[in-house]
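Please examine the sequence and the model shown below.

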Amino acid sequence: MTTHTELPAMRDSLLDIAGKKIFVAEAGEGPPVLLLHGGGPGASGVSNYARNIAELAKEHRVIVPDLPGYGRSSKGIDPTDPFGHLADGIRGVLDRLGLDKAHFVGNSYGGACALRLALDTPDRVDRMVLMGPGGIGTTRALPTPGLNSLLDYYTGDGPSRRKLEAFIRQYLVFNAADVPESVIDSRYRDSIDPEVVAAPPLRRPKSLRALWRMDFTRDARLSRLPVPTLVLWGAEDKVNRPSGGRMLAERLPDCDLYMVANTGHWVQFERAGLFNRLCADFLAGRR
C-alpha cells in the first residue's frame with residue numbers, strides 16, 4: 001500500500017554553479033542528504049520525491065535539486081559524458097552549500113549521477129542509496145522496451161501527452177492506477193519547455209566511447225568503491241533490468257541489495273512507506 005505524505009515547508013534557492021543555475025529545495029535539519037531524481041520527460045526533484053521528503057526530513061537536512069537539464073535548473077547536458085556532467089553539477093551544489101560530504105539517494109538517472117560522483121570523488125559521499133540506477137550493464141544487452149520508450153519521447157513525431165502517459169503507465173510503474181492524472185499533466189507541461197525540446201537531457205549515446213563510459217560495470221573503480229551502498233530495485237522494473245541489482249552487489253565491496261516485489265522503476269513512489277523506512281534506517285546506520 002502506498003503511503004501519501006504532505007510535503008513540508010521547503011526553502012528554495014537558485015545556485016550559480018560554473019555559470020549555470022541549479023534549483024535546490026531544502027527541508028529539515030541534521031546530516032545532509034541529497035535526493036537526485038530520474039531522467040524521464042518532465043522529471044524534477046520535489047515532484048519525484050513528494051512521498052519521501054517529509055519522512056526523511058525528520059532526521060536529515062534534505063536537499064532536493066533539479067538536475068542540470070531539468071525543472072528550474074539550466075538546460076543542456078554534455079552528450080559525450082552525461083553522467084559526468086550531472087556529477088560535476090551536483091558536486092558544485094555541495095561546494096556552494098559548504099558541504100564536504102553528504103549522503104546521496106538517486107533514482108535512475110539520478111542514481112547514475114550519484115554513482116559517478118562517488119567514483120570520481122568518494123570522499124564527498126557518506127552513504128548512498130540507489131534505486132534502479134542507470135548505467136548498469138547497458139553495454140551487455142539491448143535497451144529495454146521501457147528505456148526505448150523514454151529515449152524516443154522527443155524523436156519521431158515529438159513529445160505528446162499520449163506518449164508520456166504510455167511511458168509512465170506501461171513502463172515506469174507496476175500498477176498504472178497508482179499514478180494520478182495530475183502527475184502526468186504536470187510532467188507533460190514541463191517536458192515541452194522549448195529549451196528542453198531543443199536539447200533533451202537524456203538521449204541515446206552517439207558514440208561507442210560515450211556508450212562504454214556510461215556503463216559502470218566496465219569501470220574498474222567500482223570494485224574499489226568504499227562507500228556503503230543500499231541498492232533498491234523493483235522486481236518488475238521495465239526500464240532498467242532488475243539483473244542490474246545483482247551486478248552492483250557482486251562488484252561493490254559494501255553493498256546491500258533489496259529486490260522489491262510487485263514494483264516497477266519508481267520504488268520511492270510506488271512503495272513509499274517501505275522505501276522511507278529502509279532509507280532512513282540505512283542512512284542513520286541502523287542496519
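Which side chain meets that of R213 in a salt bridge? The partner is D81, at 3.7 Å from N to O; a salt bridge here is a side-chain nitrogen of Lys or Arg within 4 Å of a carboxyl oxygen of Asp or Glu. The model is predicted, and local features need pLDDT of at least 70, side-chain atom pairs count only at pLDDT 80 or more, and totals for chains, interfaces and linings use all residues. Residues are numbered from 1 along each chain as its sequence is written, and side-chain values use heavy atoms, with hydrogens and water left out.

The pair R213 and D81 links distant parts of the chain, 132 residues apart. R213 lies in helix α9 (residues 208-213), and D81 in the loop between β4 (61-65) and α3 (82-96); helices (H or I, at least four residues) and strands (E, at least two) are DSSP runs, numbered from the N terminus. R213 is partly exposed, with a relative accessible area of 30%, whereas D81 counts as buried at 13%. Buried means under 20% relative accessible area, exposed over 50%, and partly exposed in between, for a 1.4 Å probe and protein chains only.

Side chains of opposite charge can pair when their charged atoms come close. The whole structure contains 24 salt bridges. One of them joins D16 to K21, with the closest N and O atoms 3.3 Å apart; D16 is partly exposed at 34%, as is K21 at 35%. In another, R286 meets D281 at 2.9 Å, N to O, where R286 has a relative accessible area of 43% and D281 one of 32%. Salt bridges that share partners join D81, D88, R91, R116, D120, R213, D219 and R221 into one network.

How do helices α3 and α4 pack? Their axes come within 8 Å and cross at roughly 75°, the axes being lines fitted to C-alpha atoms, for helices over the stretch in contact, with angles from 0 to 180 degrees between N-to-C directions. The two helices are therefore roughly perpendicular to each other, a label for angles of 65 to 115 degrees. The contact (heavy atoms within 4.5 Å) involves P82, F83, G84, L86, A87, I90 and R91 of α3, and Y109, A112, C113, R116, L117 and D120 of α4.

The largest nonpolar core has 63 residues, and L34, I90, V93, F104, L115, M128 and L248 have the most contacts inside it. Such a core is a set of buried Ala, Val, Leu, Ile, Met, Phe, Trp, Tyr and Cys residues joined through side-chain atoms within 4.5 Å. Helix α4 (residues 109-120) gives this core its largest share, eight residues. A second, separate core of 25 residues includes F23, A27, V105 and V129. Leaving aside residues up to four places away in sequence, V93 touches L15, I17, I22, V24 and L34. In helix α10 (residues 243-251), G244, G245, M247, L248 and A249 are buried, and their cover includes α4, β6 (125-131), β7 (229-234) and β8 (255-260).

The structure holds zero disulfides, a disulfide being a pair of cysteine sulfur atoms within 2.5 Å. The sulfur of C113 is 16 Å from the closest cysteine sulfur, that of C279, which is too far for a bond. C255 is likewise in no disulfide, and its nearest cysteine sulfur, in C279, is 14 Å away. C113 is buried at 0% relative accessibility, and C255 is buried at 17%.

Definitions and conventions
Angles under 35 degrees count as roughly parallel, over 145 as roughly antiparallel, 65 to 115 as roughly perpendicular and the rest as oblique.
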